[in-house]
Amino acid sequence: MFTRFTVPARQVVLAATEAAGRLGAARVAPEHLLVALAEGGGDVGGRVLAAYGVTADGLCVAITDRTRRAGLTDDEVTALRSVGIDADEVFRRIEESFGAEALQPMVPSTKASRRFTPGAKKVLERSLREALALRHNYIGTEHILLGVLAEGSASDLLAAHGITYAGAQERVLDELRRAA
Amino acid sequence: MDDTNGLATAASAADPGTGLTAVAALRKLVEHLESLQVRNARARGWSWQAIAEALGVTRQAVHQKHAKR
């Protein structure tokens, strides 16, 4: 499957496993692909993220915040509140009883051969479909970015910057026209 | 929480999107709390049998799910 990946796209996949390690995640998830895309700023995917003001450091902070809340997104915390559950109060009590580390990732692994979550695999599969849809004969960082947005589990991190799938696709096409 | 706030909350919970998101979020929260509580119980010397009884599941189920962690 990786044969059609461009060199920067392969680097993103590799850098995502490193980002997962730095963030103490046991497996490589879509958000780690995002961090890797933002780090590889020079390629199309990274340039589109930079145009929206997304930085790798900013993403890492947001991911750490999400981890502290047991992986719940802002929307999920709001939805819980609407059914009468104050998730922040739950997290506060967990920290009180078990310490702040209790909410940190369960398995801070240092293993080099980190596995991908089903979500991250779906992003990579989806990136192939994004490339096909745009009639591109390669899979580049821009297709991985669109794959992350299409898969959805990390799109809340981008929604905070006003990035939607349709908006990002437009910017990708702009970038490619400019580069051509 | 005042009345207006309470009404707004009740209204949004009637929305399927919000309600279903809340259910999905609860599942995540439950999984997280379960692994936290099981680890804590093990650290305090609870047997798998005792943990399973408290959770209302079989010993095999709780062991299979949490033993590797």
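What follows is a short chat about a few residues and one chain of this predicted model.

Biologist: Is Gly147(A) buried or exposed?

Modeller: Start with where it sits: Gly147(A) is part of helix α8, residues 141-151 of chain A. Around Gly147(A) there are 24 other C-beta atoms within 10 Å. The cut-off for that label is 20 or more, so Gly147(A) counts as buried.

Biologist: And which residues does Gly147(A) touch, leaving out those up to four places away in sequence?

Modeller: Helix α8 holds Gly147(A), and we skip its sequence neighbours up to four places away. That leaves contacts with Val123(A), Leu124(A), Arg126(A), Ser127(A) and Glu130(A).

Biologist: How far apart in space are Gly147(A) and Val172(A)?

Modeller: Along the sequence, 25 residues separate Gly147(A) and Val172(A). Going C-alpha to C-alpha through space, the gap is 12 Å.

Biologist: Over to chain B: what pattern does chain B follow along the sequence?

Modeller: Chain B has zero strands and four helices. Read along the sequence, then, the pattern is α-α-α-α.

Biologist: What percentage of the residues in chain B is buried?

Modeller: Chain B has 69 residues in total. The buried share of those is 13%.

How values were computed
Residues are numbered from 1 along each chain as its sequence is written. Chains are lettered from A and ligands numbered from 1 in the order in which they are written. This is a predicted model: local features need pLDDT of at least 70, side-chain atom pairs count only at pLDDT 80 or more; totals for chains, interfaces and linings use all residues. Helices (H or I, at least four residues) and strands (E, at least two) are DSSP runs, numbered from the N terminus. A residue is buried if 20 or more other C-beta atoms lie within 10 Å of its own, exposed if 12 or fewer, and partly exposed in between; C-beta atoms are placed from the backbone. Two residues are in contact if their C-beta atoms, placed from the backbone, lie within 7 Å.
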